[in-house]
Amino acid sequence: MPLDLPPEAKFFHRNFNNMTATDYGPVMRLLQGFDADHASQDFLIAGDVGSSRYILVGAVTARRSLTYLHLHCRQTRITGVSFYQPDIPPDAEPERMVCLEGEDWQTLLIEYADQAARQAGVAPIRPEKNVLGYCSWYYHHDQITHDNFMDNVGALVAARSDFPAQIAQIDDGYQSHHGDWLVNNSHWPGSIEEVASRIRHDGLRAGIWLMPLLASTSSELFCHHPDWFVKDQSGQPWLMRGWSAPPEHHWACLDATQTAVCEHLKRIFVTLYKWGFDYFKLDGLGFMTPAGFRSDPQATGVSAYRLALDTIRRAVPNATLVGCCPPYLASLGFIDHARISADTAACWIKHRLDEGTSYEEENAPPDPEAPCLSNALHQALSRWWMIDRWFRADPDVVFVREDNSRLTEGESRLSALAGILTGVIITSDHLKRLSSERLDLLKRIAALRLNHPRPVACRAGYWPQVFAGTVEGRRAVAIFNDLPRPHTWKLSAWGVGAGGYELLHPLGVVGDNITVPAHDAALVIEPFGTLDPHP
């Protein structure tokens with residue numbers, strides 16, 4: 001479709017559907033060059049900053065296919081948009097598309113999110129209370145054992161007055177193989193049911209990680225039921241290279257169009273729910289839509305994926321389903337929470353290394369796919385418009401710890417502020433090992449939430465850095481200085497001004513101009529008068 005924009009129009013807002021960016025750089029750009037086609041998924045925004053004219057083109061459904069778009073530029077000018085939906089035949093009904101125009105690209109994004117939520121029947125989201133919890137992955141990874149998990153749960157319970165967690169979640173590492181989710185390995189003596197019982201006895205909700213449609217070729221499920229999986233052209237299971245180490249590295253995807261597979265899914269989730277788990281972290285969802293051959297020849301990867309989610313949702317209607325690596329539009333209405341970031345890590349950045357180079361190699365380019373705080377933070381901030389419109393938004397775990405971490409204190413505040421922005425604050429830190437200062441930081445952020453966040457002072461070519469909203473009914477500004485140098489912002493531009501209180505360090509009362517150090521964060525609220533601003 002052609003776009004009627006001025007010759008000066010250069011603004012482009014792209015989207016990446018999954019947890020890994022499709023290429024380098026921020027989602028907002030000022031386009032350069034002569035002829036080019038710029039890719040996006042689900043939607044894109046093009047516009048002219050000077051005249052405040054913006055157009056959003058995007059899909060608001062993904063029932064049978066995902067949608068991929070290209071913005072076309074010819075002879076330096078934006079000329080049009082094309083899109084394709086690979087699973088929709090030429091004579092079939094396409095996914096529903098919208099074209100929105102307006103003076104503010106942020107308002108267009110909010111309208112787009114609201115329309116997609118209505119199309120999917122997303123239930124009203126109640127974000128008044130922060131989600132607080134513990135996840136084992138980002139400290140122990142797949143080496144988690146029964147003993148160190150329960151040690152962390154004990155620390156969580158002991159610190160309840162400081163960090164009133166609601167959830168303790170076992171992550172990858174408890175199971176014998178990917179796919180055999182009811183069979184624990186030798187590091188977990190006894191039963192997983194007993195672990196859930198102990199978690200609940202301590203007044204916490206029990207959570208567990210699994211990849212419901214995936215199984216490794218080393219699993220009992222794959223060995224006993226190879227006919228249950230999506231097939232390739234030769235009739236063999238369609239295999240993917242997953243992120244796990246051998247022998248768990250080759251994954252196959254279950255064919256949810258088979259009745260036996262749906263019954264298997266029901267049994268897994270009903271059993272875990274009966275054991276006491278009611279918080280399910282569903283990982284690897286982006287791997288669950290392969291375009292192979294299924295029992296139902298009319299099914300697509302997306303429709304089969306939605307059938308699986310519907311089966312799970314009906315099996316455990318009162319549980320919390322957390323989507324990781326999800327195709328977002330295809331998942332709406334089925335999941336309660338969703339990761340809006342890439343995997344994080346207790347380091348600011350990782351480099352794309354050649355063989356023989358070290359992690360500290362300064363001249364190596366940053367890796368946009370590697371787990372690290374900068375990648376996770378940037379992606380979470382760029383998806384601000386999803387927060388509490390599509391689901392409770394999870395920015396991945398918050399790091400405040402000093403041990404087993406490369407993060408500076410300021411970078412820990414950046415991580416913490418992402419939790420305040422979304423209202424989902426999950427930690428992998430061992431709370432008994434936190435210094436009093438770091439435990440105090442965790443305590444303060446557990447009680448804070450930036451409501452209705454919206455980016456301000458946005459600059460194309462940069463990730464969003466400043467968000468305005470409210471904290472406890474007061475105007476507030478959250479500042480994420482991801483730059484390698486200090487930067488100064490003028491608070492009165494966003495209705496806070498001199499006399500505001502900074503809550504993260506805390507600096508106390510600040511002036512109209514606030515300078516935030518490199519790789520650091522600040523949260524400033526307008527004055528409370530004589531009230532104590534610190535929770």
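**Entry 1: a loop residue**

I began with Val60, which sits in the loop between strand E5 (53–59) and strand E6 (68–74). I kept in mind that this is a predicted model. Is Val60 buried or exposed? Its relative accessibility is 3%, so Val60 counts as buried, the cut-off being under 20%.

Next I looked up what touches Val60. Leaving aside neighbours within four places in sequence, I found contacts with Arg96, Val98, Tyr112, Gln115, Ala116, Gln119 and Leu329. I also checked Phe222: from Val60 it is 162 residues away in sequence and 35 Å away in space, C-alpha to C-alpha.

**Entry 2: the eight-stranded sheet**

I traced an open sheet of eight strands, and its order reads E18-E17-E16-E15-E11-E10-E9-E19, with parallel pairing. Which strands stand at the edges? They are E18 (392–394) and E19 (424–427); each has a single partner strand, so one side of each is left without a neighbour in the sheet. From one strand to the next, I noted an average twist of 25°.

Strand E9 (residues 131–135) and strand E10 (residues 167–170) run parallel and are joined by three bridges. Here I found Cys135 opposite Gln169 in E10. Helix H6 (residues 259–275) packs on the sheet, where it touches strand E11 (205–210) and strand E15 (277–282). The direction of H6 makes about 135° with that of E15.

**Entry 3: helices H3 and H4**

My reminder to myself: two packed helices are described by the angle between their axes and the distance between the axes. For helix H3 (residues 146–158) and helix H4 (residues 192–201), I wrote down an angle of about 10° and axes 11 Å apart. H3 and H4 are therefore roughly parallel to each other, since angles under 35 degrees count that way.

Which residues make the contact? From H3 they are His146, Phe149 and Met150, and from H4 they are Val195, Arg198 and Ile199. Sorted by class, this contact has four nonpolar residues, one polar and one charged.

At 1.5 Å a residue, its 13 residues should span 18 Å, and the end C-alpha atoms are 18 Å apart, which agrees. The buried residues of H3 are His146, Phe149, Met150, Asn152, Val153, Ala155 and Leu156. Among what covers them I found E9, helix H2 (137–140), E10 and H4.

**Entry 4: helix H9**

How many residues of helix H9 (residues 373–382) are buried? I got 10 of 10, so H9 is mostly covered. These buried residues pack against helix H10 (409–422), strand E21 (466–471) and strand E22 (474–481).

I looked at the pair of strand E24 (residues 501–502) and E25, which is antiparallel over two bridges. In this pair Glu502 stands opposite Gly508 of E25.

Note on methods. Residues numbered from 1 in each chain as written. Predicted model: local features only at pLDDT ≥ 70, side-chain atom pairs only at ≥ 80, totals over all residues. Heavy atoms only, no water. Pairing = 2+ DSSP bridges. Helix = DSSP H or I, 4+ residues; strand = E, 2+ residues; numbered from the N terminus. Axes fitted to C-alpha atoms, helices over the stretch in contact; angles between N-to-C directions. Contact = heavy atoms within 4.5 Å. Parallel < 35°, antiparallel > 145°, perpendicular 65-115°, else oblique. Nonpolar A, V, L, I, M, F, W, Y, C, P; charged D, E, K, R; others polar. Expected span 1.5 Å × (residues − 1). Buried < 20%, exposed > 50% of the residue type's maximum accessible area, 1.4 Å probe, protein only.
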